[in-house]
Amino acid sequence: MILQINHLQKNPAAEAARDLIETVFTLVQEGHLEPSQLPSLRIHLDWIQYRQNFREAVMAIRAEELHGKSAPFLDLHVNTRDMTPEALRAGLLRTLARDAHVAEKPEDCLALEEFCSFRSSIAWQFNQLYWQRLPDWEKATGRSYEQALPGGKSDANHAAAVMDGVADFWTLLKDLEKHNRLPAEIFVLEIGVGMGTRCGLWLDRFQALDQERGTNYYPRLKFLLGDYALATLERSRPAVQKHMDLCSFIVLDALNPIRSLSFLRHKILHIHLTNVYDNLPDEQLARRDGRLYQVQVRAYLPMEDAARIGQAFGLGVTELKGMIARLLSLGPDCLSDRERGVALWQEVWKALRLEERLVCVEDLPSFSLPEGMDRSRFEEILREAPADLRVHLSTGAIESLRNTLPLLHPRGYLQVQDIFVTDLNDYRMGFYGPGKLDGSIVNWVNGVFLREVAERAGYDLHFAPFRYRPGSKTSVLYTTQRE
């Protein structure tokens, strides 16, 4: 048996390891677990920093049965943050019993989909619903999206960070002017504008600096606010009211900005995003015993929660699944009473879990790496990484990056504030998602893979810590064009 501690919280790890070993051996003695299973059993102790997440306290992951043979290992994941000694035994027994139904729908779960890559899961339909109907969610909770963030505010709006960003951009413009290369129109793009707070701060500071230094760049600005939700763009208008003559509001998909902005190819001098990449569709890969597996998921509700939710809204368990499909299609209007529709949405989201299984990549004819990632280089990176590893592929972030870089002016730069993993070995020392952030999904972004894709597109990626708030997990990605 392999016991892997995936975090550095000393006391919870030590206590969980002791309790776990005692419980496992007791289950063997009682006949619930066969001794022959132990050599291939991997138990992971995870500290999940997201209070809302998609896992039960104990979760089993088995490889799919291939060619009639069961894969020779089983992963057990235990959340040491939520697990108590009293619940550990019950959780292990329930999980092992559920794992016995490898290809069946467990009786204690209401499955909402078939197994699929995470990027195809209905979990992302919930994520999209959140951004499309954000005012409904905020009204029900009584707090804004930013208030729901860790610390109650976004790093995007830190005044000192915005001031430094403006100063860097002004320096670029001054250098372009010195060499007679400054365009007549100065395009700036913000993707994922939220309430528009950062945009307003940026424009205020740029106008003040421009006046202070007498450069007259401000009237030449063309500031683009981009978001895929029209309602969000409307909410951002008051924050930039003083600069409205310079602003354009554009509905765009963060996965493919150039689709809406192709007329600005090679013209934008600065593009900025905050907490967008961590909210784009993603999937995960795992390597075990030298083989590469795709992590597939199946969204479900624990039957206890399904029964509770159904009773609260006058639905049988069999009716609940159809109502959830209706919710994802119509939003809170799935019920005649809109407020009850929001309440149903929130209850389902809170209870939603993801069952996982591993499928060997060799047995997936449709599997492909994100466009822009070279397979030989990908294999080389994995050869240099730890032998047993589970990583984000960051499919959505890579797609967004590839479809954003062509918009940059030859001297322009992209800046992204987000949560990045820049060393693959770090994946063995922490839980990096997926987690739930209020009504949306949050995933750390694989900076290693992102860097490789950028290099193939002709850019170097650099990562710097966000130094403006002590303890912040945010990093700042910025590009420089390769010579």
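Thr474 lies in the loop between β20 and β21; helices (H or I, at least four residues) and strands (E, at least two) are DSSP runs, numbered from the N terminus. The model is a predicted one, in which local features need pLDDT of at least 70 and side-chain atom pairs count only at pLDDT 80 or more, while totals for chains, interfaces and linings use all residues. Residues are numbered from 1 along each chain as its sequence is written, and side-chain values use heavy atoms, with hydrogens and water left out.

With a relative accessible area of 10%, Thr474 is buried; buried means under 20% relative accessible area, exposed over 50%, and partly exposed in between, for a 1.4 Å probe and protein chains only. Apart from its neighbours within four places in sequence, Thr474 is in contact with Asp155, Gln417, Asp418, Ile419, Pro465 and Phe466, where contact means heavy atoms within 4.5 Å.

## The seven-stranded sheet

Two strands are taken to pair if DSSP finds at least two bridges between them.

Strand β11 (residues 284–288) is mostly covered, with 5 of its 5 residues buried. Gln284, Ala286 and Arg288 belong to one side and Leu285 and Arg287 to the other, and both faces are covered.

On pairing, β11 is joined by 5 bridges to β12 (residues 291–302), and the two run antiparallel. Leu285 stands opposite Gln294 in β12. The two strands form a hairpin with 2 residues between them, and Asp289 in the turn has a positive phi of about 50°. Strand β11 also pairs in the antiparallel sense with β14 (residues 389–392), over 4 bridges; here Arg287 stands opposite Leu389 in β14.

In helix α4 (residues 134–141), the residues Leu134, Asp136, Trp137 and Glu138 are buried. Their cover includes α3 (123–132), α7 (230–236) and α11 (338–351). Just after α4, Gly142 takes a positive phi of about 80°.

The whole structure holds 16 aromatic pairs. Rings of Phe, Tyr and Trp (its six-membered ring) pair if their centres lie within 6.5 Å; planes under 30 degrees apart count as stacked, over 60 as edge-to-face and the rest as tilted. The rings of Trp137 and Trp345 are edge-to-face, because their centres are 4.9 Å apart and their planes are at 70°. This pair links distant parts of the chain, with Trp137 in α4 and Trp345 in α11, 208 residues apart. Both residues, Trp137 and Trp345, are buried. The Tyr427 and Tyr432 rings have centres 5.6 Å apart and planes at 80°, so this pair is edge-to-face; both tyrosines are buried. Ring pairs also link Tyr130, Trp131, Trp137 and Trp345 into a cluster.

## Lys436 over two rings

Lys436 lies over the face of Phe54, at 5.1 Å from the ring centre. The charged end of Lys436 also sits over the ring of Trp349, 5.2 Å from its centre. A charge sits over a ring if NZ of Lys or CZ of Arg is within 6 Å of the ring centre and within 35 degrees of the ring normal.

## Nonpolar cores

The largest nonpolar core has 98 residues, of which Phe126, Tyr277, Leu301, Leu414, Phe449 and Leu450 touch the most other members. A nonpolar core is a set of buried Ala, Val, Leu, Ile, Met, Phe, Trp, Tyr and Cys residues joined through side-chain atoms within 4.5 Å. Leaving aside neighbours within four places in sequence, the contacts of Leu301 include Asp108, Cys109, Leu110, Leu112, Ala306, Leu320, Ile324, Val348, Ala351 and Leu352. A second, separate core of 27 residues includes Phe169, Leu209, Tyr218 and Leu269.
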